Amino acid sequence: MLASLLLDGLAMAGAGIGAGIAVLGAGLGIGRIGGSATESIARQPQESGKIQAAMIIAAALIEGVALFAVVVCLLVVLA
Amino acid sequence: MEVIRKYALLALIIVASIGTSIASHGPAAVEDEAETGDEFKPGEMILHHIADSHDWHFATIGEKGHEKHIHLPLPVILYSSARGLEVFSSDRFVDPKTGHSNISEGVYAEKGLAIHHGHISVIGDEHAHLYDLSITKNVASSLIGATLLIVVFFTVASRYKKGALSAPRGIQSFFEPIILFVRDDVAKNFIGEKKYSKYLPYLLTLFFFIWFNNLLGLIPGGANLTGNINVTFTLAVLTFLITNLSANWHYWKHILWTPGIPLPLRIIILPIEVVGIITKPFALMVRLFANITAGHIIILSFIGLIFIFKSVSIAPLSVAFGLFMNVMELLVAILQAYIFTMLTAMYIGSAIEDHAHEPDMDHGH
């Protein structure tokens, strides 16, 4: 019984840590995209429309991957 | 004096909110929640709002024991080879103890059916196979979304039929730039000038279906349709079928026998590429599902904070963050629709493109 309690607790802890690491990865990745996007806009202000569009798309794709991890963590907690 | 008047309203609001929250911390407020198992469980509330349901629940008003549920009971349609087709209102499921309708733990005694967290089973024969074809909340919401799409786009289309060359008016002027955007920047861009028109109806439908249903889910009381993995699974399956059924020989050759790389690597890459046929639509499915569901969970959590702390002083924070997240979800709604459509167009484009031979590619064909 103690073993199963420990296992449950570890599973919850793992889920929480996993979600945190996923957010870390997403934050770093999207931060880099934002950084290079603003740099590029500073270099070529007339292209800012295209650069913004590319930035938003790349950010959405990375967020998709981060949410993969969130879904897995939710599955650990709820099932 | 002017300074005081300018900030008087803001000061009044702050003082009023602090005052009411201090009042709500009175001794009676906290002790009233006796441990009858009625404590607020945020996880349950959130899951209840995210999940599908056999009735469309809007609100519950009143004290414990005298609650009034504002809800729309939806039809339950069951089919099994033993019992045939049964159609009745989900109101018939009642709590055996109180006699009030209870959709999460209810019993329909006359027909011998019980419902347990959305799963309907025959009393006494738990493993009997029932096909649950009910109009659930998600089905009803998708029907509403479909009706909306039909009404809007038949209106837009009729405006084009009447005068294709006149300046756009009304609802047409709102949707025309978006339709042209999907046609030019998504379909033509990724599928190519020659073949895009065959796939354009599907891409347009996909885009507007996802966008409209994302938005309908954000309305308070709306259903979480695109956050239901079965719905996104269906959309991903459609993309999978369209991509693979219209693929040409070059596509399959590149997957099964990738040209331009040494033979041992080809054997290793073969299973990776074959799995890749499945993982690309799978990623589409999970991306849309997770984005929309996560957005709903965040907003519900902020509102739930008020109930966890049992105090109205958390409300300004909850409302501010909840409003911010809700507006962000409006952006996510159209962005996810665009991403799904764009990736579908990209996959279709890569499947049907004629192979452009570049002179320095050591392709072997």
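Strands (E, at least two residues) and helices (H or I, at least four) are DSSP runs numbered from the N terminus. The model is a predicted one, in which local features need pLDDT of at least 70 and side-chain atom pairs count only at pLDDT 80 or more, while totals for chains, interfaces and linings use all residues. Residues are numbered from 1 along each chain as its sequence is written, and chains are lettered from A and ligands numbered from 1 in the order in which they are written.

With strand S5 (residues 105–108) of chain B it runs antiparallel, joined by 4 bridges; two strands pair if DSSP finds at least two bridges between them. B:Leu113 is the bridge partner of B:Tyr108. This hairpin leaves 4 residues between its strands, and B:Gly112 in the turn has a positive phi of about 70°. Strand S7 (residues 119–122) of chain B also pairs with S6(B) in the antiparallel sense, over 4 bridges, and B:His116 stands opposite B:His119. The S6(B)–S7(B) hairpin has 2 residues between its strands, with a positive phi of about 50° at B:His117 in the turn.

Turning to chain A, its secondary structure comes to 2 helices and 0 strands. Its radius of gyration is 18 Å, well over the 12 Å that the globule rule gives for 79 residues, so chain A is more spread out than a compact globule; the radius is taken over C-alpha atoms, and the rule is 2.2 Å times the number of residues to the power 0.38. The C-alpha trace spans about 65 × 15 × 10 Å along its principal axes, and 8% of the 79 residues count as buried.

Helix H2 (residues 48–78) of chain A has 31 residues and reaches 43 Å from its first C-alpha to its last, close to the 45 Å expected at 1.5 Å a residue, the expected span being 1.5 Å times one less than the number of residues. Its buried residues are A:Glu63, A:Gly64, A:Ala66, A:Leu67, A:Val70 and A:Cys73. These pack against helix H1 (2–43) of chain A together with helix H9 (263–309) of chain B, where contact requires C-beta atoms, placed from the backbone, within 7 Å.

Key. A residue is buried if 20 or more other C-beta atoms lie within 10 Å of its own, exposed if 12 or fewer, and partly exposed in between; C-beta atoms are placed from the backbone. Two residues are in contact if their C-beta atoms, placed from the backbone, lie within 7 Å.
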